[in-house]
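Welcome! Take a moment to look at the sequence and the model, and then let us walk through them together.

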Amino acid sequence: MTDAVEPAPQSAPQPTRFQRFARSDLLWSYLRSPVAIVSSIVATVLILAAILAPWLAPYTPFDPATLNLMDGFTPPDSTSFAGHYFLLGADNQGRDMLSTIMYGSRLSLFVGFSATVLAAGLGVGLGLIAGYLGGFVDAAIMRIADIQLSFPAILIALLIFGIARGLIPPAQQQNAAVWVLIIAIGLANWAQFARTVRGATLVERRREYVAAARIMGVRPISILFRHVLPNVLGPVLVIATIGLALAIIEEATLSYLGVGVPPTQPSLGTLIRTGQQFMFSGEWWIVLFPAVALVLLALSVNLLGDWLRDALNPKLRR
Amino acid sequence: MTETPLLSVRDLVVEFPRRGETFRAVDGISFDIAPGEILGVVGESGAGKSMTGAAIIGLIEPPGRITRGEIHLAGSRIDNLPEAKRERLRGKRIGMVFQDPLTSLNPLFTIGRQLTETIRRHLPLTPAEARQRAVDLLTEAGIPRAGERLDSYPHQFSGGMRQRVVIALAIAGEPELVIADEPTSALDVSVQAQIIAVLKRLCTSHGAAVLLISHDMGVIAETAARVVVMHHGRIVETGSVGDIIKRPREPYTVRLIEAIPSIRRLHGAPATAPAGVPDAAPLVEVRGLSRDFVLTRRGPLQRLLGRKEEVLHAVKDVSFTVARGTTFGLVGESGSGKSTCAWTMVGLLRPTAGTVLLSGHDIWDGREGERYRRRRVQMIFQDPYASLNPRWRVGDIIAEPMRALKLAEGRSETEDRVAELLRRVRLDPAALRRFPHEFSGGQRQRIAIARALSSRPEFIVCDEPTSALDVSVQAQVLDLMQELQREFGLTYLLISHNLAVVRQMADHVGVMHRGALVEERPVDALFDDPKHEYTQMLLAAVPDISRVA
């Protein structure tokens with residue numbers, strides 16, 4: 001062999017981040033999946049409407065000063081006696097349904113997102129430790145996960161919620177409700193993440209690049225976070241997306257049961273709970289629209305998660 | 001040839017559509033096989049060999065498909081038959097032998113059931129007759145006490161025995177053609193020779209022609225009469241085995257044949273003059289090294305009942321020394337303890353007994369030994385796809401040892417040294433900003449070598465460094481390793497199942513068998529005059545192209 005240096009593959013200039021994304025398999029698979037396109041549009045519209053509620057919503061439904069009881073039970077697409085127009089109608093207290101849904105999904109999303117981040121952080125951390133250390137630590141962590149998975153998540157969340165209620169003084173319960181809810185849902189969902197990450201870690205730690213790092217004397221904690229973690233994050237992204245949809249539904253369930261956020265600060269679940277009383281007296285819009293919003297939100301996020309799982313799985317790629 | 005060929009492939013094209021563009025796996029190939037002939041198809045990975053075999057039996061995975069050309073079996077066209085008719089061809093007229101005998105047998109059925117079912121599907125026999133025939137076939141394939149073993153499950157057979165069963169299965173329907181796709185690539189050398197013999201004998205006695213697909217020219221040379229050389233989906237050259245090996249015409253074939261290492265010394269002089277002073281103190285000294293693995297860990301209850309632990313002695317009392325600047329080759333079949341030996345020498349696996357000394361320092365002597373070892377020992381792994389973290393840039397991968405051992409000051413010095421290392425392994429320094437998946441197998445292995453060099457080690461353990469690579473790439477990597485050895489005065493421990501590679505690279509060779517070092521001598525002495533019977537058997541079993549007349 002001569003000293004000729006072999007050129008690096010593709011002598012083209014380094015592609016920018018955007019170019020690399022535009023050429024990626026993920027975008028290609030996205031553009032060929034109508035389900036992914038539709039559900040991402042729906043999810044984006046719903047999420048933007050929630051985030052931008054204070055600027056976009058036609059009314060501020062939780063400001064008592066603007067409420068007019070005369071507007072109560074205004075049907076959808078009509079103008080009340082007080083002269084207000086309601087696209088999706090108004091509830092018993094005269095609050096605009098569209099605005100309450102926008103504000104409500106804002107809270108639902110915040111709780112769902114925070115709970116998923118908490119569950120993912122906890123699950124990934126424990127899964128990494130269990131998979132890498134093995135032995136007793138692994139057995140202990142995974143048995144706790146098994147026990148937890150044998151209960152419905154909603155039951156666990158209720159339990160944690162109940163304990164938190166007992167610990168927090170009643171005066172602060174109103175303010176703490178959202179945070180307790182986040183912790184309850186987060187703690188109820190970490191096991192899925194831990195299982196997946198542990199499995200992936202078991203595979204990765206046997207890889208030769210980990211052995212190479214060990215020979216160099218890289219510390220285990222450094223191997224875990226710099227070598228193993230980046231390689232197990234793919235499946236975590238998928239579970240997190242599907243987990244977000246689940247967390248939103250769990251929040252709605254808890255709020256519907258009356259143990260979630262207080263009615264003064266309603267989420268989608270609270271809206272459905274208050275709306276159901278009027279279901280049989282003809283004011284169907286009070287329960288229907290929040291329910292539709294919840295279904296659309298959870299469904300679109302869930303379908304996105306499904307698509308992501310298939311797109312990231314090279315075996316299913318066509 | 002005046003008689004009609006048994007198999008005739010004309011202008012075959014197999015294409016895979018992918019994201020708007022189409023990839024041609026097989027690009028217009030034509031060849032014939034005469035009845036009873038053994039035709040070898042040789043080529044490097046991605047040459048389209050296996051796809052040709054899959055096209056003939058009609059098992060191309062969608063979305064791939066045959067887009068042009070014709071395949072005729074005994075004069076009638078088969079590539080356009082409906083699936084139901086093609087299905088009847090498989091097994092009955094065309095038998096298949098795949099690479100991995102573990103996955104080609106159904107683990108849930110006894111081999112007797114799998115054989116008799118196949119026989120009865122293709123031949124009008126009663127169950128008793130079919131069973132008798134199965135016993136005959138297995139006996140013919142060299143399985144002792146075939147009658148008793150008929151009721152065993154596949155996992156109760158060793159790899160070589162399983163491949164005999166697969167061959168018996170392929171021949172059971174009395175096919176006219178057997179397609180064998182890398183039939184021995186998953187097997188050890190000593191078993192490989194037997195399997196080739198069985199395949200050849202069975203097909204000859206049953207009058208079946210064979211399409212033998214292999215990346216190993218040695219296997220083809222021992223088995224086939226004629227050979228087709230494939231490259232990038234096209235046929236480069238067709239000819240008799242002797243012509244292709246001794247008188248290759250096409251430049252690609254010439255390069256391919258030249259790259260194949262041989263266990264013979266073809267040019268007389270040893271490839272490497274022993275670089276170190278022979279009498280100098282050895283750099284590495286392994287004394288009485290043993291490593292056990294506990295197979296069944298006892299629970300507290302079992303311990304109470306006094307149940308014995310099952311222990312595997314992976315390495316038993318191995319001792320050898322490696323002189324500075326030389327290469328010690330460690331050969332042996334899978335499970336012989338070569339890799340376990342290597343892992344104890346680089347600090348990954350604590351030995352059960354014995355010591356590993358590096359310039360007189362015990363590397364397993366607490367933190368002190370570890371600190372000494374970390375700076376001086378490195379390892380190159382078999383699989384360049386698994387040994388580089390796919391999420392890291394090449395620059396970071398190569399710099400990792402420098403960072404872990406704090407050998408470089410600051411960013412710019414690290415980058416300068418990484419660039420220098422890339423030049424040393426003949427890669428463009430611009431590569432440091434890229435990710436491993438952008439490189440070919442050979443280039444990745446060079447990146448792995450650059451990483452090993454980056455801590456300026458004295459001793460590098462190379463565990464099967466080229467067995468995942470194609471022959472032409474293997475030659476480049478081996479050349480590079482020799483150059484670097486001279487340049488830096490490196491000492492290598494080279495582990496390989498490929499005896500030809502060891503002959504080319506090593507100064508001293510140790511042969512391992514079932515955890516023990518059975519013979520250890522200078523390379524030429526060992527290869528030319530093996531003393532231990534296991535070594536003799538191993539050397540005799542290697543298929544080698546230099547034996548072709």
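Accessible areas here come from the Shrake-Rupley method with a 1.4 Å probe, and for residues only the protein chains shown count as cover. On that basis, chain A exposes about 16,300 Å², with carbon and sulfur atoms supplying 69% of it. Before going on, please note that this is a predicted model, in which local features need pLDDT of at least 70 and side-chain atom pairs count only at pLDDT 80 or more, while totals for chains, interfaces and linings use all residues. Residues are numbered from 1 along each chain as its sequence is written, chains are lettered from A and ligands numbered from 1 in the order in which they are written, and side-chain values use heavy atoms, leaving out hydrogens and water.

Let us begin with the make-up of chain A. It has 12 helices and two strands, where helices (H or I, at least four residues) and strands (E, at least two) are DSSP runs numbered from the N terminus. Read from the N terminus, the order is α-α-α-α-β-β-α-α-α-α-α-α-α-α. The C-alpha trace of chain A spans about 90 × 50 × 30 Å along its principal axes. Of its 318 residues, 45% count as buried; buried means under 20% relative accessible area, exposed means over 50%, and partly exposed lies in between (1.4 Å probe, protein chains only).

A:Ile147, A:Phe151, A:Leu155, A:Leu158, A:Tyr256 and A:Leu257 make a nonpolar patch of about 540 Å². Patches are made of residues with over 30% relative accessible area and no salt bridge, joining like charges within 9 Å and nonpolar side chains (Val, Leu, Ile, Met, Phe, Trp, Tyr) within 5 Å. A salt bridge is a side-chain nitrogen of Lys or Arg within 4 Å of a carboxyl oxygen of Asp or Glu. One member, A:Phe151, sits in the loop between helix 6 (135-149) and helix 7 (153-167) of chain A. A:Phe151 counts as partly exposed because its relative accessibility is 42%.

Next, turn to chain B. Is B:Gln445 buried or exposed? B:Gln445 belongs to helix 17 (residues 441-453) of chain B, and it counts as buried because its relative accessible area is 0%. Leaving aside residues up to four places away in sequence, its contacts (heavy atoms within 4.5 Å) include B:Ile380, B:Phe381 and B:Pro465.

Finally, B:Lys406 lies in the loop between helix 15 (394-404) and helix 16 (410-424) of chain B. Its phi is positive, about 50 degrees, although B:Lys406 is not a glycine.
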